[in-house]
Amino acid sequence: DSKNVYELIEILQRNRYQGIFANVSPDSLDLLSLERKLLLNDLSIYRKVHDSLPGKKEKEFVSILMQRYEIEDLKVVLRLWHSKEPVRCEDYVLGEKIKYDIDYEKIVSTETIEEIISLLDKTDYKEPLLAACDKFKSTKSLFFLETSLDIDYYNRLKACIDAFSATDKRV
């Protein structure tokens, strides 16, 4: 157990995260960069698990789990778009393809939610955004877009789990 961030860094430099924390100094702590590295590490682990699985259902399950990262990136980009502040998306997203090639810079530069939905045409994210579009337009609140993405994600995850055998579900 660590008592502060300095002890935490020392601990993380001596375990499986040592590659991420090897050159980290408490004096020059860049939390955003560390968070990105940790998330990319998580994705790498998911990809290894995905590639080692024998069955289609199991691979689909892990693919959906990985999409959580893509959805979080999309939600961040929606917030950037909504704020209308000039920013570089690469500073806020993982910058790695998970399931779809999403042009986050293009999303941020659009004028309307309909344009964003059009850019996401061949993704799992189009339908939930379409479903929440009217509510967003009437309230100007991203809450409805973000929760629609989350609800769709968990519905797809549940449907995938429901397709597993009783034995697999217990595991």
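1. Ground rules. Since this is a predicted model, local features need pLDDT of at least 70 and side-chain atom pairs count only at pLDDT 80 or more, while totals for chains, interfaces and linings use all residues. Residues are numbered from 1 along each chain as its sequence is written, and side-chain values use heavy atoms, with hydrogens and water left out.

2. Overall layout. You're looking at a chain with 9 helices and 0 strands; helices (H or I, at least four residues) and strands (E, at least two) are DSSP runs, numbered from the N terminus. The C-alpha atoms fill a box of roughly 50 × 50 × 25 Å along the principal axes. Of the 171 residues, 35% are buried (under 20% relative accessible area; exposed is over 50% and partly exposed lies in between, with a 1.4 Å probe and protein chains only). Take the contacts (heavy atoms within 4.5 Å) with a separation of 6 or more: residues 24 or more positions apart make up 55% of them.

3. The main core. The largest nonpolar core holds 30 residues, and Leu78 and Ile113 have the most contacts inside it. A core here is a set of buried Ala, Val, Leu, Ile, Met, Phe, Trp, Tyr and Cys residues joined through side-chain atoms within 4.5 Å. Two or more residues each come from H4 (56-83), H5 (104-108), H6 (113-119), H7 (126-139) and H8 (143-162). H4 gives the largest share, 8 residues. Leaving out residues up to four places away in sequence, Ile113 touches Leu78, Trp81, Cys133, Phe136, Lys137 and Leu145.

4. H4 against H8. These two helices pack at about 175°, with axes 10 Å apart; axes are lines fitted to C-alpha atoms, for helices over the stretch in contact, and angles run from 0 to 180 degrees between N-to-C directions. H4 and H8 are therefore roughly antiparallel (over 145 degrees; under 35 is roughly parallel, 65 to 115 roughly perpendicular and the rest oblique). Their contact has 13 nonpolar, 1 polar and 9 charged residues. For these classes, Ala, Val, Leu, Ile, Met, Phe, Trp, Tyr, Cys and Pro are nonpolar, Asp, Glu, Lys and Arg charged, and the others, Gly among them, polar.

5. H3 against H4. Helix H3 (residues 31-52) packs on H4 at about 170°, with the axes 9 Å apart, so this pair is roughly antiparallel. On the H3 side, the residues in contact include Leu39, Leu43, Tyr46 and Arg47, and on the H4 side Val62, Leu65, Met66 and Tyr69 are among them. By class, this contact has 8 nonpolar, 2 polar and 4 charged residues.

6. Thr110. This residue sits in the loop between H5 and H6, and at 8% relative accessibility Thr110 counts as buried. A polar atom of its side chain lies 2.8 Å from the backbone oxygen of Ile107. Not counting residues up to four places away in sequence, Thr110 touches Trp81, Lys84, Glu115, Ile116 and Leu119.

7. Gln18. Look for Gln18 in helix H2 (residues 18-21); at 44% relative accessibility, Gln18 counts as partly exposed. Neighbours within four places aside, Gln18 is in contact with Leu12 and Gln13. The C-alpha atoms of Gln18 and Val5, 13 residues apart along the chain, are separated by 15 Å.

Note on methods:
A polar contact is a pair of N or O atoms within 3.5 Å; within protein, one must be able to donate a hydrogen and the other to accept it, and residues adjacent in sequence count only if both atoms are side-chain atoms.
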